[in-house]
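I opened this model to go through its fold, its domains and its ligand sites. My notes follow in the order in which I looked things up.

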Amino acid sequence: MTIKVAVLGAGGVGGYFGGRLAQAGHDVRFVARGEHLAAMRGSGLTVESVAGDFALETVVATDDPAEVGVVDYVLLGVKTWQLEAAIASLGSLVGPNTAVVTTQNGVEAPQQVADVVGREAVLPGAVEVVAFLDGPGRVRHIGGLGKLTFSEWDNQKSERVERLRKALEESGLTAVVPDDVWVALWSKFLALGSFGAVATLADSPYGVLRSRPGMRHLIVDSMNEIKQVAKATGVELPGDAVDKTLAFLDSLPEAGTTSLQRDINSGKPSELEAWTGAVVRLGRATGTPTPINDILYELTSARTLAT
Ligand SMILES: NC(=O)C1=CN([C@@H]2O[C@H](COP(=O)(O)OP(=O)(O)OC[C@H]3O[C@@H](n4cnc5c(N)ncnc54)[C@H](OP(=O)(O)O)[C@@H]3O)[C@@H](O)[C@H]2O)C=CC1
Ligand SMILES: CC(C)(CO)C(=O)C(=O)O
């Protein structure tokens, strides 16, 4: 069955997932802007992908969500610091049966969206992919399965979750509906909150981070604090969550870097507030001490001012 999807924020994630869904014949409307919008309108979307290249000669793209109207799903593909403005433009896309799927790294995007459209309209999600815009109208997918893990807010198995899961799988993507989507989001957050700030401060790739016992200890200490914050917000992570995240660090490419350090190093806006910033904020809100993350946050914030 064809689904109607608005991709709000057609960058690495939105462009790749939206592109695959459109290629499979779904009704995908891209909400974009600037040169990327002009290129998509003029010559469509090109995707260079480790899972197979493809080109969509024509795509539906606009900068005005009102032109799209109500959809079945909104795939929210903007960066965390762009969320507020993007959420404000959701109005005309969301009807009584619309589901807004969050893909942002971090744990706060679902609530930010729910504050405006209501919890029942949100499917909290997380993506695993390495994809980026390689110029206007051009997406490059260089790694990761292209996996979306998502569910209803209360983890109920619903018809709309199943319909989206099927559409994604039939489009060549990987879709996972976990038993508890909050455990999935917070498990990923263990990596984001710890690796991101430490890698930025050390200005080092994964190969260096994991090679020094002291760095590993620092990352583990940061993760243990995040685990406590998760617990204080009602999310109990599995006993092996920290070990698994350390094993994930060990599996990453030697020369790989976090998106946080790449953004900060190139002087771009970053997702620091949604990563280590969120650990500190949620720690304070729940009365959970986060001394390691407090230091990481202060030092990384200072680095953002210095670039
Ligand atoms: N890319 C990846 O491989 C992964 C990304 N993620 C997460 O997914 C989220 C999205 O990241 P990513 O795809 O890399 O981000 P990108 O910067 O590649 O894409 C975001 C796109 O949204 C556009 N945009 C922002 N606000 C609006 C708006 N109001 N209306 C229309 N377009 C808008 C941006 O345009 P402009 O450039 O003009 O601002 C940009 O094209 C992030 O939270 C990221 O951490 C998670 C895992 C992997
Ligand atoms: C989990 C992590 C930190 C791996 O690089 C990531 O997703 C990112 O860099 O954006």
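**Entry 1. Leu-201.** The rule I used calls a residue buried if 20 or more other C-beta atoms lie within 10 Å of its own, exposed if 12 or fewer, and partly exposed in between, with C-beta atoms placed from the backbone. Leu-201 sits in helix 7. Helices here are DSSP runs of H or I with at least four residues, strands are runs of E with at least two, and both are numbered from the N terminus. Not counting residues up to four places away in sequence, Leu-201 touches Leu-296, Leu-299, Thr-300 and Arg-303. Contact means that the two C-beta atoms, placed from the backbone, lie within 7 Å. I also checked Leu-201 against Ala-109, 92 residues apart along the chain, and found 25 Å between their C-alpha atoms.

**Entry 2. Ground rules.** I noted that this is a predicted model, in which local features need pLDDT of at least 70 and side-chain atom pairs count only at pLDDT 80 or more, while totals for chains, interfaces and linings use all residues. Residues are numbered from 1 along each chain as its sequence is written, and chains are lettered from A and ligands numbered from 1 in the order in which they are written.

**Entry 3. Whole chain.** I counted 13 helices and 11 strands in the protein chain. The C-alpha atoms fill a box of roughly 50 × 40 × 30 Å along the principal axes. The radius of gyration of the protein chain is 19 Å, which agrees with the value near 19 Å for a compact globule of 307 residues. That radius is taken over C-alpha atoms, and the globule rule is 2.2 Å times the number of residues to the power 0.38. Buried residues make up 45% of the 307. Of the contacts with a separation of 6 or more, 70% come from residues 24 or more positions apart.

**Entry 4. Domains.** Where are the domain bounds? The domain assignment gives domain 1 as 4-179 and domain 2 as 182-306; such bounds come from an automatic or database assignment. The contact between them takes 12 residues from domain 1 and 13 residues from domain 2. On the domain 1 side I found five nonpolar, five polar and two charged residues. For these classes, Ala, Val, Leu, Ile, Met, Phe, Trp, Tyr, Cys and Pro count as nonpolar, Asp, Glu, Lys and Arg as charged, and the others, Gly among them, as polar. The domain centres, taken over C-alpha atoms, are 25 Å apart.

**Entry 5. UniProt record.** An unreviewed UniProt entry lists "domain: Ketopantoate reductase N-terminal" at residues 5-154. I read that span as 27% helix and 35% strand, with its end C-alpha atoms 22 Å apart. UniProt, again from an unreviewed entry, places "domain: Ketopantoate reductase C-terminal" at residues 182-302. This span is 71% helix and 0% strand, and its end C-alpha atoms lie 31 Å apart. I kept in mind that such annotations may be inferred rather than shown by experiment.

**Entry 6. Ligand 1.** Which residues come nearest to ligand 1? Of the 30 residues around it, they are Gly-9, Gly-11, Gly-12, Val-13 and Asn-105. A residue is near a molecule if its C-beta atom, placed from the backbone, lies within 6 Å of it. Strand 9 gives the most to this shell, with six residues. Helix 1 (12-23), helix 2 (34-43), helix 4 (83-88) and strand 9 (125-133) each supply at least two. By class I noted 13 nonpolar, 14 polar and three charged residues around ligand 1.

**Entry 7. Ligand 2.** Around ligand 2 I listed Asn-105, Ala-191, Leu-192, Phe-195, Gly-196, Thr-258 and Ser-259. Helix 7 (residues 181-202) gives the most to the shell of ligand 2, with four residues. That shell has three nonpolar, four polar and no charged residues.

**Entry 8. Positive phi.** Asn-155 has a positive phi of about 65° although it is not a glycine. I placed Asn-155 in the loop between strand 10 (138-150) and helix 6 (159-170). Asp-203, also not a glycine, has a positive phi of about 50°. Asp-203 is in the loop between helix 7 and helix 8 (206-209), and it is exposed because 12 other C-beta atoms lie within 10 Å.
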